[in-house]
Amino acid sequence: MTEFEEKLRQQHEDSMHRELEALLATASKADAEVSRKDFEGFKNLFHRFLQVKGPSVDWAKINRPPEESIQPYDKIKAKGLPENITSCLNKLAVVKLNGGLGTSMGCKGPKSLISVRNENTFLDLTVQQIEHLNKTFNTDVPLVLMNSFNTDEDTNKILQKYKHHRVKIHTFNQSRYPRINKESLLPIAKSMGVNGENTEAWYPPGHGDIYASFCNSGVLDKLLAEGREYIFVSNIDNLGATVDLFILHHLMSQPADRRCEFIMEVTDKTRADVKGGTLIQYEDHLRLLEIAQVPKAHVDEFKSVTKFKIFNTNNLWISLPAIKRLQEKNSMDLEIIVNPKTLDGGLNVIQLETAVGAAIKSFKNAMGVNVPRSRFLPVKTSSDLLLVMSNLYSLDAGSLTMSKKREFPTTPHVKLGSSFTKVQDFLTRFENIPDMLELDHLTVSGDVTFGKNVSLKGTVIIIANHGDRIDIPAGAMLENKIVSGNLRILDH
């Protein structure tokens, strides 16, 4: 059997190479050069995908990380800051992952251009944060955006407006990989174009692609030439991911022979985070374990809050010289995430992806830092958007902080129904955002609207059955209430 399997594998690989060459022949010379680099990475991933059998981890070898490998944030903060924090900042660049579209929230174009607070987009807030940092410490930390072919054009148009801000902005594009037909294991693309029948033929291959595309783009070398030593990487939709001076100082103050090359910020799991990747000890290395890698029989164990107490926030601090070294040696072996999708026409395809945090095992002296939950404030849904737009947070120089008026530091649990999924629909259902300072839990389902100056406290559940509508009147105060049935307020 193995000889037969080997021949079959070889056949798939040869067919794939032929198809990729045929696709390259349809591109202009300049585009073909860029795509050829992309395809080298893709071929490598495809080769490994064909080799891999079964889950990429042996469950019996999984151990909890040793105590010292995940430091509590308070311990790092207790070190204080040096006199010369500016010289630390001069060695830093901030990288935001900006490849995603706002489609899950019903928006066209890059997710980073959705307004989240006082007409400010994710990108506006990011620029404001870094500009404030540069002015405060008289430094010039640059912002680097990793775009995808989906977001590049729209993002670059918008960047014009930051010309007069005190932030240098670099962009580079992550790779563009072909989606594979699940049955034939061949690309579904007919040409290198991304429009028309080819719109669904391509995908950006997950944020693990940052290492290769960062190197290929030349931006990595540019930053090294400026004397930058570390990048702080995070998702652009995580509004809690600001530059933390204590973590930066901790990195810079390690002795040269024990320089930490990779820090992953983790935070304590709650019931809402059971699917998040976690850190494990595996064959003497710290390693990121994602739910996609877990054998089916162990998924419940993986989701347990008692066994795996922390999860990855995807806020990462990574050494630039180390990225360069590992890329040149081609020794970053990121686990493959096979992401099955069904296209509009019903065709089953697979996307081969990797995660940026999976590289932790390749870096020297890597560690986790258990940070406060406030550093993880992602906006993935309209329920998250409601939280960040509300008076739970105050905005200062692009950073959101929990209001001092809230008595406990956890955020309320908010579940908005399908009528609120799209940002446009969401905005029309609130005359203004309710007072939520004393809210613990909110569930809203069905056709519900909120008038001006509504106040929500404790646990509030509002359910309009099919065909009914509930208008919460202006100035209403709901505390520990269930509202159901039909409540319509008509102007007359």
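Predicted model: local features only at pLDDT ≥ 70, side-chain atom pairs only at ≥ 80, totals over all residues.

Residues are numbered from 1 along each chain as its sequence is written, and side-chain values use heavy atoms, with hydrogens and water left out.

Start with the open, mixed sheet: eight strands in the order 2-18-12-15-11-3-6-7. (Strands are DSSP E runs of at least two residues, helices H or I runs of at least four, numbered from the N terminus; two strands pair if DSSP finds at least two bridges between them.) Its edges are strand 2 (70-72) and strand 7 (169-173).

Next, select 230-235 and 310-319: strands 11 and 15 run antiparallel, joined by four bridges. F232 has W317 as its bridge partner there.

Now for rings. Phe, Tyr and Trp (its six-membered ring) pair if their centres lie within 6.5 Å; planes under 30 degrees apart are stacked, over 60 edge-to-face, the rest tilted. By that rule there are 15 aromatic pairs. Pick F46 and F49: with centres 6.1 Å apart and planes at 35 degrees, this pair is tilted. F46 is buried at 1% relative accessible area (buried is under 20%, exposed over 50%, partly exposed in between, with a 1.4 Å probe and protein chains only).

Finally, jump to F430 and F450, a stacked pair at 4.8 Å centre to centre and 15 degrees between the planes. Both are buried.
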